[in-house]
Amino acid sequence: MSITPHIVVRGAEDAVAFYHDAFGAEEVSRIPVPDGRLMSVQLRIDDDLLHIADEFPEMAVLAPPSIGGTPVILALDVTDADAVFAQAVSAGAAIRQPLADMFWGDRHGQVEDPFGHRWNIAQHLRDVPHDEVVAAAAQAFS
């Protein structure tokens, strides 16, 4: 079993270009509909797949701006967080959390793409014992 994110955007054609520029996504396939919208575009980012689609309000298929944001965060585990983060920002992503070395052992930051989707970008730096992570989280949130 695997999980493949399927996200909805306003302007799937523009999103294809953004995800290519930001994350190196390559288009695998697309399904257009007669009115010009895209029902699905399958992208490959490294070895993983991402599906994107245009909004279809008549079917309650809505993008983050139409519903006031998103409760979902997509996570990219990368070998060079600084490079990927800079590439995403250069492509038009907004910084939500600057990159920093985190108590759980990752270099981590978060961006929001121009379509309202949030992306964690993380690079594993070191293994941290679980009890130390729990203690640090308790301190950070107290």
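Trainee: So a salt bridge is a side-chain nitrogen of Lys or Arg within 4 Å of a carboxyl oxygen of Asp or Glu. How many salt bridges does the count come to by this rule?

Mentor: Nine, by this rule. Bear in mind this is a predicted model, where local features need pLDDT of at least 70, side-chain atom pairs count only at pLDDT 80 or more, and totals for chains, interfaces and linings use all residues. Residues are numbered from 1 along each chain as its sequence is written, and side-chain values use heavy atoms, leaving out hydrogens and water.

Trainee: Got it. What's the overall layout, then: how many helices and strands does the protein chain have?

Mentor: There are four helices and eight strands in the protein chain. Those are DSSP runs numbered from the N terminus: helices are H or I with at least four residues, strands are E with at least two. Going along the sequence, you'd read the pattern as β-α-β-β-β-α-β-α-β-β-β-α.

Trainee: And what does the C-alpha trace span along its principal axes?

Mentor: About 55 × 35 × 30 Å.

Trainee: Back to the salt bridges. Which residue does Glu13 pair with?

Mentor: Glu13 pairs with Arg30, and their closest N and O atoms are 2.8 Å apart. The two sit in distant parts of the chain, 17 residues apart: Glu13 is in helix α1 (residues 12-23), while Arg30 is in strand β2 (residues 26-32).

Trainee: Is Glu13 buried, partly exposed or exposed?

Mentor: Glu13 is partly exposed, because its relative accessible area is 45%. The cut-offs are under 20% for buried and over 50% for exposed, with partly exposed in between (1.4 Å probe, protein chains only). Arg30 comes out at 31%, so Arg30 counts as partly exposed too.

Trainee: OK, next one. Which residue forms a salt bridge with Arg107?

Mentor: That's Asp82, with the closest N and O atoms 2.9 Å apart. This pair also links distant parts of the chain: Arg107 is in strand β7 and Asp82 in helix α3 (residues 81-91), 25 residues apart. With a relative accessible area of 37%, Asp82 is partly exposed.

Trainee: What about Arg96, which partner does it have?

Mentor: Arg96 bridges to Glu112, and here the closest N and O atoms are 3.4 Å apart.

Trainee: Which residues do shared partners join into one network?

Mentor: Glu13, Glu27 and Arg30 are joined that way. As background, side chains of opposite charge can pair when their charged atoms come close.

Trainee: Let's switch to His108. Where is that one found?

Mentor: His108 is in strand β7 (residues 106-112).

Trainee: Buried or exposed, that His108?

Mentor: Buried, because its relative accessibility is 8%.

Trainee: What is His108 in contact with, apart from its neighbours within four places in sequence?

Mentor: Contact means heavy atoms within 4.5 Å. With those neighbours set aside, His108 touches Gln97, Pro98, Leu99, Ala100, Met102, Asn120, Ile121 and Ala122.

Trainee: Zooming out, what share of the protein chain do buried residues make up?

Mentor: They make up 39% of the 142 residues.

Trainee: Last one: how much of the contacting with a separation of 6 or more comes from residues 24 or more positions apart?

Mentor: For the protein chain, 49% of those contacts.
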